Amino acid sequence: MSTEENKALVRHWIEDVWMSNDADSVDQIFAPSYAVNDSPCPPAMVRSAMQMLHAAFSPFTASIQDLLAEGDRVAVRWVLRGHHSGAFRGVAATGQPVELRGTNIYRIAEGKIASNYEQVNAAEVVQQLRAIQP
């Protein structure tokens, strides 16, 4: 795939599948051997994580801040904004607005996302919910 096709796949994942909580499309986007930070993360785990975020912060928006590609890698910097509408990391819903930022570097192989190195500061969200002091 070209770098533009790789970018389109990642954009589709974030803007179409993740945002709409489209669990049925996960298998079309992620390789069965998908890994996050070198740990196995089969598509079923992707679906579970996606559903957990939707339950915890709906409604939310995720916006792509940067999307860069070279070869089989696509880097994306994103921001998720929503309200704490369900349990997250042991904290019951507070209704508080939250903002979660992350950076992912996806590797594309055979038209699917094969691996991902991600950096997300979930502790920052817990701080925003005033569950812990900064």
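User: Rings of Phe, Tyr and Trp (its six-membered ring) pair if their centres lie within 6.5 Å; planes under 30 degrees apart are stacked, over 60 edge-to-face, and the rest tilted. To how many aromatic pairs does the count come by this rule?

Analyst: The model is predicted, so local features need pLDDT of at least 70 and side-chain atom pairs pLDDT 80 or more, while totals for chains, interfaces and linings use all residues. Residues are numbered from 1 along each chain as its sequence is written, and side-chain values use heavy atoms, without hydrogens or water. The count comes to six aromatic pairs.

User: Which geometry does the pair of phenylalanine 30 and tyrosine 34 have?

Analyst: The ring centres of phenylalanine 30 and tyrosine 34 are 4.6 Å apart. Their planes stand at 65°, so the pair is edge-to-face.

User: Which residues do ring pairs link into a cluster?

Analyst: Phe30 and Tyr34 both belong to the cluster. With them, ring pairs link Trp13, Trp18, Phe60 and Trp78.

User: Which residues does alanine 93 touch, not counting residues up to four places away in sequence?

Analyst: Alanine 93 is partly exposed, at 44% relative accessible area. Its C-alpha atom is separated by 34 Å from that of valine 74, 19 residues apart along the chain. With contact taken as heavy atoms within 4.5 Å, and residues up to four places away in sequence not counted, alanine 93 touches His84, Ser85, Gly86 and Ala87.

Notes:
Buried means under 20% relative accessible area, exposed over 50%, partly exposed in between (1.4 Å probe, protein chains only).
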